[in-house]
Each structure stands twice: as structure tokens, then as C-alpha cells.
Amino acid sequence: MVVPVESTDGTSVGPAADAELHRRLVYGDESALAEVYAAYVPLVRRIAVRVTRARAAAEDVAQEVFAHLWSRPYAYDPRRGSLRTWLSMLAHRRAVDWVRGEARHRKHAHADASALDTVPEPGPGPDETVVDRERALLLHTALAELPAPQREVVHLAYFAGRTYRQAAAELGIPEGTAKTRLRTALRRLADTLADPPDPALERGA
């Protein structure tokens with residue numbers, strides 16, 4: 001007597017025992033795979049959802065389980081247990097693999113993010129250092145070339161942290177005068193730093 005395969009929702013899917021289904025799978029009978037799928041996919045999905053807690057992942061696990069059965073039917077031995085039990089174990093194992101893979105992925109992603117957070121900002125290269133040094137020297141020279149009244153206001157405003165009103169009070173000059181001197185000085189500095197003289201031309205090269 002042939003025992004029908006029962007699906008997990010209680011409906012019969014055909015008069016085929018596990019051994020018969022296995023034999024047909026070995027011979028590449030696609031209808032056998034369809035019967036097994038119809039009978040056990042609800043069970044496989046349920047197990048996968050319980051482990052992964054993600055329906056999309058459970059669908060992927062189910063596809064892997066039945067693809068494995070189709071490509072390697074010899075992996076199942078009907079003499080050692082029922083197809084239902086074997087598929088349940090395979091579904092659980094694949095679902096656990098998925099969870100572990102996701103955990104590794106999150107761990108690596110966190111490690112990568114942490115590594116990026118701890119990477120020090122690159123310091124200036126040799127060329128940048130030279131340029132910065134030259135600009136600092138140029139600024140110092142440009143400041144020294146300013147008329148003394150303008151230089152005093154710039155010093156108070158940018159090196160001593162004073163407002164132009166405070167600078168005017170310290171220098172004993174009207175606020176408008178301090179503001180005009182500061183504006184004129186900044187314009188001269190900007191022009192000098194924006195178009196510095198070429199040392200080679202100055203040497204007559």
C-alpha cells in the first residue's frame with residue numbers, strides 16, 4: 001500500500017511515499033519536485049520565519065532548500081528518516097546559516113564604520129607645508145608693509161580679538177576712522193596674497 005504525502009495544511013498531494021518520491025527525484029522527475037514543494041513549502045517557510053524573523057529571508061531559505069533537494073537528491077536517504085523531518089532539519093540549518101551570515105555582515109559593517117571613524121585626518125603633505133610656510137611669510141611681510149595706523153588696527157582686530165569699536169577706543173580714534181583703516185588694510189592684504197610676486201621674476205630669472 002502506498003502512503004500519500006500529506007501537506008502541512010492537511011491536504012493530500014498524491015499517492016507517493018517518501019521512497020517513491022526519492023526515486024523519482026533521482027531520475028529527474030520534475031513532477032516529483034512539484035509534489036514535494038506543494039506538500040512541504042509551508043512547513044519550510046514556517047521554520048525559516050521562526051529562525052530568521054524575516055519573511056523575505058524565509059522565502060530565500062525555502063528556495064535554497066528545494067533547490068538543494070533537486071540538485072542533490074542523494075543527500076536524502078528515505079531509509080534514515082522521513083522526507084518531512086529531513087526538510088525540516090535542512091530548513092533550520094539554512095535559516096541558522098542566514099542569521100549567522102547577517103550577524104557577520106553587521107559586525108563587519110560596524111567594524112568598517114568604526115575604522116573610518118578612527119582614521120586620523122591626513123596631515124598636510126610636504127608641498128602643502130611649503131605653501132603654508134610661504135603664505136605665512138608673505139602675510140608677515142605684507143603686514144609689515146602696511147602703514148603703521150592700519151597695521152595697529154589689524155593687529156588689535158585679528159590678533160588681539162578686538163572689535164573695530166574696541167580698537168578705536170584703545171587707539172583713541174573715531175570708530176569710523178578705525179573701520180576705514182581696517183577695511184583699507186584688509187583690501188591691501190587681500191590684493192597682496194591673491195597675486196604674490198614671483199620670486200624668479202624678482203631675481204631677474
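Is Val44 buried or exposed?

1. Val44 is buried, with a relative accessible area of 0%; buried means under 20% relative accessible area, exposed over 50% and partly exposed in between, with a 1.4 Å probe and protein chains only. The residue lies in helix α2 (residues 30-52), where helices (H or I, at least four residues) and strands (E, at least two) are DSSP runs numbered from the N terminus.

2. On the basis of the note: this is a predicted model, in which local features need pLDDT of at least 70 and side-chain atom pairs count only at pLDDT 80 or more, while totals for chains, interfaces and linings use all residues. Residues are numbered from 1 along each chain as its sequence is written, and side-chain values use heavy atoms, with hydrogens and water left out.

3. Not counting residues up to four places away in sequence, Val44 touches Ala62, Val65, Phe66, Leu87 and Ala91; contact means heavy atoms within 4.5 Å. Val44 and His92 are separated by 48 residues in sequence, yet their C-alpha atoms are 8.2 Å apart in space.

4. Leu87 touches Val44 in turn, as well as Val36, Tyr40, Val65, Phe66 and Leu69, with residues up to four places away in sequence not counted. In the largest nonpolar core, which has 24 residues, Leu87 is among those touching the most other members, together with Val36, Tyr40 and Leu83. Such a core is a set of buried Ala, Val, Leu, Ile, Met, Phe, Trp, Tyr and Cys residues joined through side-chain atoms within 4.5 Å. Two or more residues come from each of α1, α2, α3 and α4, and α2 gives the most, with nine. A second, separate core of nine residues includes Ala142, Val153, Ala157 and Leu182.

5. The axes of helix α1 (residues 18-26) and α2 come within 8 Å and cross at roughly 135 degrees; axes are lines fitted to C-alpha atoms, for helices over the stretch in contact, and angles run from 0 to 180 degrees between N-to-C directions. The contact involves Asp18, Leu21, Arg24 and Leu25 of α1, and Ser31, Ala32, Leu33, Glu35, Val36 and Tyr40 of α2.

6. Tyr76 and Trp86 form a tilted aromatic pair, at 5.6 Å centre to centre and 50 degrees between the planes. Rings of Phe, Tyr and Trp (its six-membered ring) pair if their centres lie within 6.5 Å, with planes under 30 degrees apart counted as stacked, over 60 as edge-to-face and the rest as tilted. Tyr76 is buried at a relative accessible area of 2%, and Trp86 is buried at 16%.
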